[in-house]
Structure formats: C-alpha cells, structure tokens
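This briefing covers a helix and its surroundings, a helix pair, and the nonpolar core. The structure is shown first, and the points follow by topic.

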Amino acid sequence: MSIINLKDLLCIHKNLGAVGAFSTYDLFSAQGIIAGAERVGRPVIMMIGAGVLNRQGNDEVGRIMVHLAEKASVPAAVFLDHAKDFASCMKAIRLGFSAVMIDGSALPFEENISLTKQVVAAAHAVGVSVEAELGALAGIEDGESSELKLTNPADVPIFAEKTDVDALAVSIGNAHGLYKGIPKLHFEVVEKSAALTATPLVLHGGTGLEAAQFAKAVSLGMKKVNIGTEIKRAYMDTFVREHSNDTQSYDLIGVPQKVKQAVSEVVAADLDFFAEGWKKY
Ligand SMILES: [Zn+2]
C-alpha cells in the first residue's frame, strides 16, 4: 500500500530537487509510469487530466491508477490535473485519488481564491492534497487553449495563505503541448515567488524545455514538474513504429509491452534528472 498524498510525497522528497508528474491515459501508460519509478526507486506522481478522466468510460482508468499506486513498491500519488470545477475534484476523490488540482487560473484573483478554498476544505478533510494555479499558461490542455499570463509573485503569498493549498502552479512563460523552438522562461518569477512562500511551486508544460532550463527552475525552487507530451510521444511513436515493422502481425500482446517499456524509460530518466541530475548543470 504505497499510495500517498502530494503533501506527504513532497515532504519525503524535500531534500532532493523536484518530483516528476506524468500524464496517464490508459492501462499501458499507467503501468509504464509505475515501472519507471520502481526501476529507479523514486517517488512518482501519476496524473490524469480532468478532461480525460471525465470522458465516458474513463472512470476505469482512474481506478486502475489507484490500484497500481496502492501496490507500487515506491510512494506514488494519484493526481487529477487541471480540474476546472468542484464536482470533478470530488469525483476523483471518490475514485480514491490522493491529490487534485483545481485550476481557477482563468478566474479573477478573488474568485480563484474562493473556488480553491472550497476544494481545499473538502479535500483536506479526507487527507487529499490540492494544487492550484496562479497566472495562466499558454497552449492547449485537453482541447482548450489559453493565453499566457505570467504569475505576479506578489500574489503568491496572499493566495497561498488564504487557500492553504499544498502546491501552486506558476506561469513563467512555460506552455502546454509542444514548443515552437526554445521558450523564454521568466526565472525571476520563480525566484521571487519561492522567496515569498514555503508552498511548493509547480512547473507545468515540461516537455521540450532544455536540461539547463529545468536545472535552473529546480535550483530556484520548483518542486514538481509535469510531463505530458513526452509520455504521449514515447507511447505513440513506439506503437506506430512497432506496428509498421510488421503490419500483418497485429501484435496487440507484444506491442503494448514495448509501449510500457518506452514510457518507463522516459519516467525513469526524468525522475532521476529532476531529483538529482539537474545539479550537474
Ligand atoms: Zn498543466
């Protein structure tokens, strides 16, 4: 029984850099994420977007995630990513998730605070951790696009104190999906925010950033890094390549094993890098 909430997970990891959080879509991605974490013996966050979990039939994916986390040999959090409403968070908690993100970043500041507080009150009552977001990331998440709005560091301690969130996603020029070229990150936002709060900060949109950018973000206080696209890429590229090698075999037994292996390699490498590898930069 290794399922753990986000607050406790970040606490046991506090002397290391950041913990990786990886997007899950189905059984094979979930198994690959846990296998990668077990290989390097590191805590891991298995996450699923609210837009994915809310698709018909996908409650079962959530249940699989909880089951795999419970029997993992490493501490694993099961995390709902980018829920936009209270009901989605409660649904995930009923499925057994140990952490939820309530994303009120598109709302005015005070409304973001009040929605987040509502989720925190309900989640903390049953030992579930909560992440929120301040400022808005550019890019497309679960089919919804948004414009970049950098986080104002002065808002961070006010928001953290009023809501009692366990982690806070900040917008520093990072984006969801694939970047066109190397993005410019506003590291001063991380540095100033981290100086003003003890609440762990979260970097979304990790795929496509350079190693040196991760290293700098982690050195300045990012404690959780979200990886979505890199998981999809490893999964789909492997699936298509393996099928293309022999289009007549329809090897739906062997190909998913290769997919799991590819996902686990991404996860193992990222967990090592975010925890300790970044120090070499
Ligand atoms: Zn995100």
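**Core contacts and helix packing**

Apart from neighbours within four places in sequence, Val100 contacts Leu80, Ala83, Cys89, Ala92, Ile93, Val119, Ala123, Val128 and Val130. The model is predicted.

**Nonpolar core**
- The largest nonpolar core has 85 residues, and Val100 is among those that touch the most other members, together with Met46, Ala76, Phe79, Leu80 and Leu168.
- Helix α11 (residues 254-275) supplies the largest share of this core, eleven residues.

**Helix α5**
- In helix α5 (residues 86-95), the buried residues are Ser88, Cys89, Ala92 and Ile93.
- These residues lie on the same side of α5, because the arc they cover around the axis is only 140 degrees.
- In an α-helix, residues three or four places apart point the same way, because there are 3.6 residues a turn.
- Ala87 and Arg94 are exposed, on the face of α5 turned away from its buried side.
- The cover over the buried residues of α5 includes α3 (50-53), α4 (59-71), β3 (76-83), β4 (99-102) and α6 (109-125).

**Helices α6 and α7**
- The axes of α6 and helix α7 (residues 155-163) cross at roughly 35 degrees and come within 9 Å, and the crossing is right-handed.
- On the α6 side, Phe109, Ile113, Thr116, Lys117 and Val120 meet Asp155, Phe159, Lys162 and Thr163 of α7.
- By type, the residues of this contact are four nonpolar, two polar and three charged.

Key: Residues numbered from 1 in each chain as written. Predicted model: local features only at pLDDT ≥ 70, side-chain atom pairs only at ≥ 80, totals over all residues. Buried ≥ 20, exposed ≤ 12 C-beta atoms within 10 Å, placed from the backbone. Helix = DSSP H or I, 4+ residues; strand = E, 2+ residues; numbered from the N terminus. Arc of directions from axis to C-beta. Contact = placed C-beta atoms within 7 Å. Axes fitted to C-alpha atoms, helices over the stretch in contact; angles between N-to-C directions. Left-handed = near helix turned anticlockwise from the far one by under 90°. Nonpolar A, V, L, I, M, F, W, Y, C, P; charged D, E, K, R; others polar. Core = buried A, V, L, I, M, F, W, Y, C linked by C-beta atoms within 7 Å.
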